[in-house]
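Biologist: Could you take me through the aromatic pairs here, slowly, as I am new to this structure?

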Amino acid sequence: MQISNESTPAVAAVAFDAALLRKLNQLGPRYTSYPTADRFSEAFTADDYQHAVARRRDMGARHALSLYLHIPFCNTICYYCACNKVVSKNTAKAALYLTYLQREISMQAALFEGMNQVEQLHFGGGTPTFLSDDQMDGLMAHLHRNFEFAADEQGEYSIEIDPRTVTPARIVTLRRQGFNRISLGVQDFDPAVQQAVNRIQPEEDTLKIIDAARYAGFRSVSIDLIYGLPRQNVISMSQTLNKVIAASPDRIAIYNYAHMPHIFKPQRRIAESELPTPDAKIDMLFLCIKRLTDAGYVYIGMDHFAKPDDDLAIAQRQGRLHRNFQGYSTHAEADLVACGVSAISAVGASYSQNEKTLEAYYQRLDRHELPIARGIKLSMDDLLRRLIIQHLMCHFELSLASIEIAHPIKFSEYFASELAQLELLAADGLLNLDDEWITVTMKGRLLIRNICMVFDRYLDPEKSPLRYSKTI
């Protein structure tokens, strides 16, 4: 079945083939980076990161920065969650964390002195609004002392919130503090599903926060949903979608729940007997795509939807869309500087990840060291493959000539084995392949991860790592 939106046909349409989705559904990366984070090594040190920054300086870094701050605290635990978090009701823990976070921010700012303009800021977690108003005021003031921020109308300054932990008055305060985009975790409005995942969140509380964000002048409101949760079905998902569409957020992310209790301990509290079957999940995915595209949303790719006039949809039409650890982004050219426990930076031809525990994070900063635990320096082959995967993920097509112009290769020779694998996917109708272009079909867009996996030289096709989720 073809699903389309006539206002932006180049990016909005997908074709749904349930049999093909069942056939090709497999474990694979989500490609928020390439190489993926499981390829990072402890051999990469803080010195390597500083060298990456120095190289950017030597190259005359021209682009503004993107900042990410990780606030790991939550006051309750959601059973589905796979984030790096600290569950506590003790707000004193946040006060201690902030002293170290601000120390790291100052160290990063010193490295980027003279090239420290910020056009994008994102607070994630955990629950960033675990911080009090006064704590957030202090943190934002510290950021502005250390970095130059673009004007509000130019910059994208976003924060993830849990509607259960804020009031409408707090939303107005967040806008005053400089945030202009807001993302709300909803997951599902159905009470039975909420109970099964330990996230009781009345619909009226969420709607009040959305109304408050619009009243306060937030430029964009985003809602996160999950399909595949326990006790979910097509009927309950349809009812949730009715409420989400009525709320009319600017962006909607619908994530596939990956049940991996061997990695994420909270998921062990979920009764596997209550999880929907793989076929039921595919039915829910089809429902989500159809309902949202019928409602006028553009299918950006993977798990993201946006209104046609949203910056994400515009960036995709203009060829400026990018994908990073926060999902799709409009700032393709920006280096990502990430601060906080477990946060991942992407600077030049490198990725680096901070220590994953508070104790190790604090110890490194007490020694006046950047708290980098591991990372990777990208080879020329890594950079080439990253570029290809980014293009396919964001734009569903790739000009082979553009790759040959930018890199000293002949595509058909360098990627001979990959092209042979793509021929098999082309036979399934996922893409069209000729001497000049790889073009993902409407049927292939839902399986874009499968297509990108062909270019991943680190994957062992005989061993699908247990840490990955299913592609659908």
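Modeller: The structure holds 16 aromatic pairs; rings of Phe, Tyr and Trp (its six-membered ring) pair if their centres lie within 6.5 Å, and planes under 30 degrees apart count as stacked, over 60 as edge-to-face and the rest as tilted. Take F16 and F286: their ring centres are 4.7 Å apart with the planes at 55°, so this pair is tilted. The two residues are 270 residues apart, with F16 in the loop between strand 2 (14-15) and helix 2 (18-24) and F286 in helix 10 (residues 278-294). Helices (H or I, at least four residues) and strands (E, at least two) are DSSP runs, numbered from the N terminus. F16 is buried at a relative accessible area of 11%, while F286, at 22%, is partly exposed; buried means under 20% relative accessible area, exposed over 50%, partly exposed in between (1.4 Å probe, protein chains only).

This is a predicted model, where local features need pLDDT of at least 70, side-chain atom pairs count only at pLDDT 80 or more, and totals for chains, interfaces and linings use all residues. Residues are numbered from 1 along each chain as its sequence is written, and side-chain values use heavy atoms, leaving out hydrogens and water.

Now for another pair. F179 is buried, with 0% relative accessibility, and F123 is likewise buried at 0%. F123 and F179 pair edge-to-face, 5.1 Å centre to centre and with 90° between the planes. Because F123 lies in strand 7 (residues 117-125) and F179 in the loop between helix 6 and strand 10 (181-187), the pair ties together parts 56 residues apart in sequence. Finally, one aromatic cluster is formed by F73, Y97, Y100, F130, Y361 and Y362.
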